[in-house]
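Please read the following report beside the sequence and the model, taking one region at a time.

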Amino acid sequence: MAPPVRETFVELGGKRVPVRLYRNTRARRIILRINDRNGNGDGVSVTLPRRTPLREGLDLIHEKAAWVLERLGGLPPRVAFADGARVPLGGVDHTIRHVLDGRGVVRRQGNEILVAGGPEHLARRLRDWLRKEARSQIGRLVGDKAAALGRTAGRITIRDTRSRWGSCSADGNLSFCWRLVMAPETVLDYVVAHEVAHLAEPHHGPKFWRLVKTLTPDMEASREWLRRNGEALHRYG
Ligand SMILES: [Zn+2]
(Lines give C-alpha, C1' and ligand atoms only; values in the text may rest on other atoms or scores of the structure.)
Protein backbone atom coordinates (compact mmCIF):
# COMPACT_ATOMS: atom_id res chain seq x y z
CA MET A 1 0.00 0.00 0.00
CA ALA A 2 1.25 3.48 -0.86
CA PRO A 3 2.20 5.68 2.11
CA PRO A 4 -0.58 7.80 3.60
CA VAL A 5 -1.24 11.13 1.90
CA ARG A 6 -1.85 12.66 5.28
CA GLU A 7 -1.54 11.74 8.95
CA THR A 8 -3.62 13.64 11.45
CA PHE A 9 -5.85 13.33 14.54
CA VAL A 10 -9.56 13.62 15.19
CA GLU A 11 -11.25 14.33 18.53
CA LEU A 12 -13.80 11.61 19.15
CA GLY A 13 -15.75 11.30 22.40
CA GLY A 14 -12.98 13.14 24.25
CA LYS A 15 -10.31 10.88 22.73
CA ARG A 16 -7.54 11.94 20.37
CA VAL A 17 -7.62 9.35 17.62
CA PRO A 18 -4.75 9.07 15.11
CA VAL A 19 -5.91 9.00 11.47
CA ARG A 20 -4.07 8.01 8.31
CA LEU A 21 -5.58 9.01 4.99
CA TYR A 22 -4.77 7.01 1.86
CA ARG A 23 -5.67 7.34 -1.81
CA ASN A 24 -6.63 4.39 -3.94
CA THR A 25 -7.59 5.01 -7.57
CA ARG A 26 -9.61 1.78 -7.57
CA ALA A 27 -11.66 2.65 -4.49
CA ARG A 28 -15.30 3.36 -5.35
CA ARG A 29 -16.22 4.80 -1.97
CA ILE A 30 -14.56 5.86 1.27
CA ILE A 31 -13.38 2.89 3.35
CA LEU A 32 -12.71 3.10 7.10
CA ARG A 33 -10.53 0.57 8.86
CA ILE A 34 -9.35 0.33 12.44
CA ASN A 35 -5.58 0.00 12.83
CA ASP A 36 -5.32 -3.06 14.95
CA ARG A 37 -1.66 -3.91 15.04
CA ASN A 38 -1.37 -4.96 18.67
CA GLY A 39 -4.84 -6.35 19.06
CA ASN A 40 -6.01 -3.05 20.52
CA GLY A 41 -7.11 -0.41 18.07
CA ASP A 42 -4.73 2.52 17.93
CA GLY A 43 -6.22 4.60 15.16
CA VAL A 44 -8.22 4.74 11.97
CA SER A 45 -7.16 4.32 8.34
CA VAL A 46 -9.25 5.98 5.67
CA THR A 47 -8.99 5.05 1.99
CA LEU A 48 -10.44 7.56 -0.43
CA PRO A 49 -11.26 7.37 -4.13
CA ARG A 50 -9.07 9.56 -6.34
CA ARG A 51 -11.18 12.72 -6.38
CA THR A 52 -12.86 12.62 -2.96
CA PRO A 53 -11.72 15.52 -0.73
CA LEU A 54 -9.81 14.44 2.40
CA ARG A 55 -12.36 16.42 4.42
CA GLU A 56 -15.06 13.89 3.47
CA GLY A 57 -12.97 11.09 4.90
CA LEU A 58 -12.66 12.94 8.20
CA ASP A 59 -16.38 13.74 8.19
CA LEU A 60 -17.15 10.04 7.76
CA ILE A 61 -15.13 9.23 10.88
CA HIS A 62 -17.29 11.63 12.88
CA GLU A 63 -20.45 10.18 11.35
CA LYS A 64 -19.34 6.67 12.35
CA ALA A 65 -18.00 7.84 15.71
CA ALA A 66 -19.92 5.24 17.72
CA TRP A 67 -18.60 2.39 15.60
CA VAL A 68 -15.05 3.73 15.60
CA LEU A 69 -14.98 4.29 19.37
CA GLU A 70 -16.48 0.89 20.03
CA ARG A 71 -13.84 -0.74 17.87
CA LEU A 72 -11.14 1.27 19.62
CA GLY A 73 -12.47 0.11 22.97
CA GLY A 74 -12.99 3.69 24.06
CA LEU A 75 -16.75 3.87 24.19
CA PRO A 76 -17.98 4.50 27.72
CA PRO A 77 -20.34 1.78 28.97
CA ARG A 78 -24.06 2.06 28.34
CA VAL A 79 -26.17 3.47 31.16
CA ALA A 80 -29.56 1.80 31.36
CA PHE A 81 -32.46 3.80 32.83
CA ALA A 82 -32.75 2.07 36.19
CA ASP A 83 -32.98 2.89 39.89
CA GLY A 84 -29.68 4.40 41.06
CA ALA A 85 -28.31 5.17 37.59
CA ARG A 86 -26.90 8.63 36.98
CA VAL A 87 -28.14 10.54 33.98
CA PRO A 88 -27.33 14.13 33.04
CA LEU A 89 -30.11 16.66 32.70
CA GLY A 90 -29.12 20.08 31.42
CA GLY A 91 -25.54 18.89 31.79
CA VAL A 92 -25.93 18.13 35.51
CA ASP A 93 -25.86 14.54 36.78
CA HIS A 94 -29.14 13.37 38.30
CA THR A 95 -29.76 10.09 40.09
CA ILE A 96 -32.76 8.04 39.01
CA ARG A 97 -34.90 6.93 41.95
CA HIS A 98 -37.71 4.47 41.71
CA VAL A 99 -40.47 5.46 44.14
CA LEU A 100 -43.59 3.56 45.07
CA ASP A 101 -46.10 6.38 45.40
CA GLY A 102 -47.46 8.64 42.70
CA ARG A 103 -48.90 6.31 40.03
CA GLY A 104 -46.42 6.54 37.20
CA VAL A 105 -45.56 10.16 37.69
CA VAL A 106 -42.03 11.33 36.91
CA ARG A 107 -40.67 14.42 38.60
CA ARG A 108 -37.42 16.20 39.25
CA GLN A 109 -36.44 16.89 42.82
CA GLY A 110 -33.07 18.49 43.43
CA ASN A 111 -30.52 16.33 41.69
CA GLU A 112 -32.82 13.33 41.52
CA ILE A 113 -35.41 12.20 39.02
CA LEU A 114 -38.16 10.32 40.80
CA VAL A 115 -40.01 7.72 38.75
CA ALA A 116 -43.11 6.14 40.24
CA GLY A 117 -45.09 3.11 39.12
CA GLY A 118 -44.10 -0.45 38.33
CA PRO A 119 -40.32 -0.93 38.00
CA GLU A 120 -40.81 -2.74 34.69
CA HIS A 121 -42.08 0.52 33.20
CA LEU A 122 -39.39 2.76 34.68
CA ALA A 123 -37.17 2.97 31.60
CA ARG A 124 -40.06 3.74 29.24
CA ARG A 125 -41.62 6.29 31.64
CA LEU A 126 -38.34 8.09 32.08
CA ARG A 127 -37.66 8.14 28.34
CA ASP A 128 -41.15 9.51 27.66
CA TRP A 129 -40.64 12.16 30.34
CA LEU A 130 -37.25 13.20 28.93
CA ARG A 131 -38.79 13.49 25.47
CA LYS A 132 -41.56 15.65 26.89
CA GLU A 133 -39.02 17.82 28.71
CA ALA A 134 -37.08 18.16 25.47
CA ARG A 135 -40.22 19.10 23.59
CA SER A 136 -41.26 21.81 26.04
CA GLN A 137 -37.78 23.33 26.40
CA ILE A 138 -37.14 23.22 22.64
CA GLY A 139 -40.62 24.54 21.85
CA ARG A 140 -40.08 27.55 24.09
CA LEU A 141 -36.61 28.27 22.66
CA VAL A 142 -37.81 27.91 19.06
CA GLY A 143 -40.64 30.38 19.77
CA ASP A 144 -38.30 32.96 21.32
CA LYS A 145 -35.59 32.68 18.69
CA ALA A 146 -37.92 32.62 15.70
CA ALA A 147 -39.63 35.75 17.08
CA ALA A 148 -36.23 37.42 17.47
CA LEU A 149 -35.62 36.71 13.76
CA GLY A 150 -39.10 37.78 12.73
CA ARG A 151 -39.79 34.29 11.32
CA THR A 152 -42.30 31.59 12.09
CA ALA A 153 -41.23 27.99 12.53
CA GLY A 154 -43.38 25.15 11.21
CA ARG A 155 -43.98 21.90 13.01
CA ILE A 156 -41.49 20.76 15.66
CA THR A 157 -40.68 17.04 15.77
CA ILE A 158 -38.72 15.34 18.55
CA ARG A 159 -36.83 12.23 17.48
CA ASP A 160 -34.03 9.93 18.54
CA THR A 161 -31.64 10.72 15.72
CA ARG A 162 -28.11 9.43 15.72
CA SER A 163 -26.59 11.28 12.78
CA ARG A 164 -27.73 14.85 13.52
CA TRP A 165 -28.92 16.88 16.49
CA GLY A 166 -31.42 18.93 14.57
CA SER A 167 -32.67 19.70 11.10
CA CYS A 168 -34.75 22.27 9.28
CA SER A 169 -36.78 21.33 6.22
CA ALA A 170 -37.31 23.59 3.21
CA ASP A 171 -40.82 24.40 4.44
CA GLY A 172 -39.61 25.42 7.90
CA ASN A 173 -40.41 22.29 9.90
CA LEU A 174 -37.82 21.63 12.60
CA SER A 175 -36.67 18.33 14.04
CA PHE A 176 -34.52 17.72 17.12
CA CYS A 177 -33.01 14.81 19.00
CA TRP A 178 -34.54 14.49 22.49
CA ARG A 179 -31.13 13.56 23.93
CA LEU A 180 -30.14 17.23 23.77
CA VAL A 181 -32.13 17.71 26.98
CA MET A 182 -29.27 15.89 28.72
CA ALA A 183 -26.65 18.34 27.38
CA PRO A 184 -25.80 21.64 29.08
CA GLU A 185 -28.51 24.24 28.50
CA THR A 186 -26.22 26.43 26.38
CA VAL A 187 -25.66 23.47 24.03
CA LEU A 188 -29.38 22.83 23.57
CA ASP A 189 -29.77 26.57 23.06
CA TYR A 190 -27.13 26.51 20.34
CA VAL A 191 -28.72 23.62 18.41
CA VAL A 192 -32.09 25.40 18.47
CA ALA A 193 -30.42 28.65 17.36
CA HIS A 194 -28.72 26.76 14.53
CA GLU A 195 -31.95 25.27 13.17
CA VAL A 196 -33.96 28.46 13.66
CA ALA A 197 -31.28 30.43 11.78
CA HIS A 198 -31.92 28.07 8.84
CA LEU A 199 -35.42 29.57 8.61
CA ALA A 200 -33.69 32.72 7.34
CA GLU A 201 -30.55 31.27 5.76
CA PRO A 202 -30.49 27.70 4.42
CA HIS A 203 -26.73 27.43 3.77
CA HIS A 204 -23.81 27.23 6.18
CA GLY A 205 -22.10 30.39 4.92
CA PRO A 206 -20.58 33.28 6.90
CA LYS A 207 -23.95 35.04 6.94
CA PHE A 208 -25.54 31.97 8.54
CA TRP A 209 -22.92 31.69 11.29
CA ARG A 210 -23.21 35.41 12.08
CA LEU A 211 -26.92 34.93 12.47
CA VAL A 212 -26.53 31.92 14.80
CA LYS A 213 -24.15 33.95 16.94
CA THR A 214 -26.82 36.59 17.51
CA LEU A 215 -29.26 33.90 18.69
CA THR A 216 -27.19 32.00 21.26
CA PRO A 217 -24.68 33.03 23.96
CA ASP A 218 -21.74 30.73 23.27
CA MET A 219 -21.80 29.19 19.81
CA GLU A 220 -18.16 28.07 19.60
CA ALA A 221 -18.07 26.45 23.03
CA SER A 222 -21.34 24.64 22.33
CA ARG A 223 -20.12 23.28 19.00
CA GLU A 224 -16.94 22.12 20.66
CA TRP A 225 -18.94 20.45 23.46
CA LEU A 226 -21.01 18.54 20.89
CA ARG A 227 -17.92 17.44 19.00
CA ARG A 228 -16.31 16.14 22.17
CA ASN A 229 -19.25 14.85 24.18
CA GLY A 230 -22.23 14.58 21.86
CA GLU A 231 -21.69 10.93 21.01
CA ALA A 232 -21.72 9.98 24.70
CA LEU A 233 -25.36 11.13 25.00
CA HIS A 234 -26.33 8.12 22.92
CA ARG A 235 -25.22 5.68 25.61
CA TYR A 236 -28.13 6.50 27.94
CA GLY A 237 -31.41 4.60 28.08
ZN1 LIG B 1 -27.26 23.47 9.66
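Predicted model: local features only at pLDDT ≥ 70, side-chain atom pairs only at ≥ 80, totals over all residues.

## Domains and their contact

An automatic or database assignment divides the chain into domain 1, covering 6–71, and domain 2, covering 123–235. The C-alpha centres of these two domains are 28 Å apart, and the contact between them involves seven residues of domain 1 and seven residues of domain 2.

On the domain 1 side, helix H2 (residues 65–71) supplies the largest share of the touching residues, namely three. Sorted by class, this side of domain 1 holds three nonpolar, two polar and two charged residues.

## The four-stranded sheet

Four strands form an open sheet in the order E1-E2-E4-E3, and their pairing is mixed. Strand E1 (6–12) and strand E3 (31–35) are the edge strands, each of them pairing on one side only. Averaged over the sheet and with direction ignored, neighbouring strands are turned by 30° against each other.

## Strands E9, E10 and E11

Strand E11 (residues 174–177) runs parallel to strand E9 (residues 156–159), to which it is joined by four bridges; here Arg-159 stands opposite Cys-177 in E11. Strand E10 (residues 166–168) also pairs with E11, but in the antiparallel sense and over three bridges, and Ser-167 has Ser-175 in E11 as its bridge partner.

E10 and E11 form a hairpin with five residues between the strands, and in this hairpin Gly-172 takes a positive phi near 85°.

## Helix H3 against helix H4

Two packed helices are described by the angle between their axes and the distance between the axes. For helix H3 (residues 122–149) and H4, the axes come within 9 Å and cross at roughly 45°. The two helices H3 and H4 are therefore oblique to each other, and the crossing in which H3 passes H4 is right-handed.

The H3 side of this contact consists of Gln-137, Ile-138, Leu-141, Val-142, Lys-145, Ala-146 and Leu-149, which meet Leu-188, Asp-189, Val-192, Ala-193 and Val-196 in H4. By class, the contact of H3 with H4 comprises nine nonpolar residues, one polar residue and two charged residues.

## Helix H4 against helix H6

Helix H4 (residues 185–197) also packs with helix H6 (residues 219–229), their axes coming within 9 Å and crossing at roughly 100°. Because angles of 65 to 115 degrees count as roughly perpendicular, H4 is described as roughly perpendicular to H6.

In this contact, Thr-186, Val-187 and Tyr-190 of H4 meet Met-219, Ser-222, Arg-223, Trp-225 and Leu-226 of H6. The residues of the contact of H4 with H6 divide into five nonpolar, two polar and one charged.

Methods: Residues numbered from 1 in each chain as written. Pairing = 2+ DSSP bridges. Axes fitted to C-alpha atoms, helices over the stretch in contact; angles between N-to-C directions. Parallel < 35°, antiparallel > 145°, perpendicular 65-115°, else oblique. Contact = placed C-beta atoms within 7 Å. Nonpolar A, V, L, I, M, F, W, Y, C, P; charged D, E, K, R; others polar. Domains from an automatic or database assignment. Left-handed = near helix turned anticlockwise from the far one by under 90°.
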